[in-house]
Amino acid sequence: MFTTYFTGLQVIFFCITFLFFVLSLITYQKGNKTWAVFFLFMGALSIYTCATLLDPFLNVWDERFHALVAKNLINHPLKPTLYDSLPITADYSGWDKAHIWLHKQPLFLWQMALSMKLFGANEVALRLPSAIMCALLVPMAYRMGKCLVNDRVGYITALLFFSSFYLIELVSGRGMLEHNDVAFLFYVTASFWAWIEFIRSKKKYWIIAIGVAVGAAILCKWLVGLSVFMGWGMYILLKESKQFSAYLYLFSALVIALIIALPWQFLTFAWYPQEAAHEMAYNSKHFFEVIEGHDGEFLYHIYRMKEMFINHALYLVIPGFFFLYRKMENKALFFGLLTICLGVELFFAFAQTKMPSFTLILAFPFFVAIASFFNGVLDVVERIVNSKIIFVSIFSVGLSFLVFFRIDLDELQAKHTLWKSENVYTKYMMENRAIYFDLRDSLDEQTVIFNVGGRHYVECMFYTQNIAYSFVPSKEQYLELKAKGLKVALMLTPGLEIPTYLKEDQNTVYITQRLQGLY
């Protein structure tokens with residue numbers, strides 16, 4: 001008998017995803033490409049919406065920080081805060097305990113805040129923008145692949161986005177830098193799409209689209225969002241070097257991007273000069289120094305390709321670019337894409353700080369190269385096999401195998417449910433969430449919670465209406481609270497020595513429930 005630890009709603013979403021995938025395959029084989037891509041988009045929307053349901057709690061790296069800042073942005077969109085109020089004098093330096101929080105650019109946080117404004121401050125709402133953006137990558141990828149090569153390459157490229165286990169993990173909040181990386185990938189990919197459309201049609205409105213997409217990318221994760229200009233510049237040098245208008249178009253798109261991205265930078269330096277200067281200096285260190293232990297060898301991001309894109313990615317991407325070069329009519333555009341890939345990979349290879357998803361923005365050029373490789377194999381099979389029925393069967397079975405190989409349901413169940421006893425992280429985080437809900441129901445807003453272990457004070461503030469700290473208040477901090485008419489709630493931990501001034505205060509609340517897994 002079939003047994004699952006997924007919830008009933010999650011199973012329904014998996015079934016809907018499978019149904020739309022089958023419909024997409026059928027309509028594609030019948031030649032109705034528009035409906036095939038629509039069904040694939042709906043399937044992607046289903047699987048990525050399901051991803052928002054996988055973890056019924058905030059994940060520690062780095063979703064809880066993004067969630068709290070986004071929740072606070074609902075009330076003041078131009079003032080990003082982690083600690084929304086400062087009831088005591090304490091050390092608020094550092095991105096993990098700041099008042100004004102400028103550690104990340106704001107666009108993806110605004111998206112999360114808008115979603116929570118509409119649907120409530122909960123895990124599904126804050127993840128929903130990421131689910132929608134991942135789903136939109138599917139038709140976007142199809143269109144680009146079709147423009148570069150043909151509709152079959154476009155369809156396989158879209159299928160690779162549809163079936164990305166890595167993106168499912170990011171949408172679920174489990175992957176590091178989750179919604180920040182999804183938004184960055186989306187807007188950078190949108191800039192690639194607008195650029196390809198402009199090269200193909202020369203219609204001026206695509207220049208505006210490029211600038212808007214690049215500006216949005218910068219407002220997600222800073223200057224690597226300009227990557228499309230590397231490819232565009234190479235394209236001009238190879239094909240349009242003597243055309244003044246080509247440089248003017250590129251410059252126009254850059255100006256539009258800066259018009260979108262720079263106001264926030266000026267605003268933060270005007271309103272929060274100390275915090276903005278600190279974050280600018282801190283971010284610049286990532287290239288020259290190893291920050292917070294995130295180091296790695298020179299080829300770190302090359303080795304990461306199999307996790308981000310597909311197993312044996314390197315062995316597929318290299319021949320894939322060969323097939324892509326042969327099939328693309330516009331060779332200058334091919335070298336533009338290749339320049340983006342080499343430029344991004346080399347930049348992050350030389351950067352001293354390594355993070356898992358730094359090169360995720362190369363998903364489209366890598367996926368279209370892999371799709372070109374598969375397309376080349378299918379061309380050979382099609383020539384060998386005389387029967388259309390046999391070829392269609394091989395095509396359908398092959399793509400089905402690709403999808404089910406990449407969307408590993410056993411791995412999802414092992415990581416996101418209580419199926420495996422060794423998965424203590426999920427168990428602990430679910431138990432902790434129940435404690436926060438109890439505190440939300442039992443404590444009033446005039447209570448400040450202390451001695452919250454690890455960095456769990458972050459999700460404690462998200463789920464409750466209370467300010468929370470990881471330490472026991474000093475006498476000076478206690479008196480500061482009392483002067484403001486605030487009360488103390490203290491989480492009890494083994495071996496904790498409760499100060500006399502807290503013992504003598506009859507209004508002190510003692511929390512006996514213990515948080516698990518001090519992350």
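1. In this note a residue is called buried when its relative accessible area is under 20%, exposed when that area is over 50%, and partly exposed in between (1.4 Å probe, protein chains only). Pro499, with a relative accessible area of 17%, is therefore buried. Pro499 sits in the loop that links strand E2 (487-491) to helix H23 (500-503). Its C-alpha atom is separated by 53 Å from that of Phe14, and the two residues are 485 residues apart along the chain.

2. The model is predicted: local features need pLDDT of at least 70 and side-chain atom pairs count only at pLDDT 80 or more, while totals for chains, interfaces and linings use all residues. Residues are numbered from 1 along each chain as its sequence is written, and side-chain values use heavy atoms, with hydrogens and water left out.

3. The protein chain contains 23 helices and three strands; these are DSSP runs numbered from the N terminus, with helices (H or I) of at least four residues and strands (E) of at least two. The C-alpha trace spans about 90 × 65 × 40 Å along its principal axes. For 519 residues a compact globule would have a radius of gyration near 24 Å, and the 25 Å of the protein chain agrees with this. That radius is taken over C-alpha atoms, and the globule rule is 2.2 Å times the number of residues to the power 0.38.

4. Of the 519 residues in the protein chain, 55% are buried. The chain exposes about 22,700 Å², of which carbon and sulfur atoms supply 64%; accessible areas come from the Shrake-Rupley method with a 1.4 Å probe, and for residues only the protein chains shown count as cover. A contact requires heavy atoms within 4.5 Å. Among contacts between residues at least 6 apart in sequence, 72% join residues at least 24 apart.

5. The largest nonpolar core has 181 residues, and Trp195, Trp232 and Ile449 have the most contacts inside it. Helix H8 (residues 178-201) gives the most to this core, with 14 residues. Such a core is a set of buried Ala, Val, Leu, Ile, Met, Phe, Trp, Tyr and Cys residues joined through side-chain atoms within 4.5 Å. Not counting residues up to four places away in sequence, Trp232 touches Trp195, Phe198, Ile199, Ile210, Tyr249, Leu250 and Ala253.

6. His301 belongs to helix H13 (residues 300-303). With 2% relative accessibility, His301 counts as buried. Neighbours within four places in sequence aside, its contacts are Met308, Glu345, Phe348, Ala349, Lys354, Met355, Phe358 and Thr359.

7. Backbone geometry deserves attention at several loop positions. Trp61 and Asp62 are joined by a cis peptide bond, with omega about -10 degrees. Asp62 is placed in the loop between helix H2 (33-52) and helix H3 (63-73).

8. Lys202, although not a glycine, has a positive phi of about 60 degrees. Lys202 is found in the loop between H8 and helix H9 (205-221), and at 32% relative accessibility it counts as partly exposed. His312 also is a residue other than glycine with a positive phi, near 60 degrees. The loop between helix H14 (305-308) and helix H15 (313-327) holds His312, which is exposed, with a relative accessible area of 56%.
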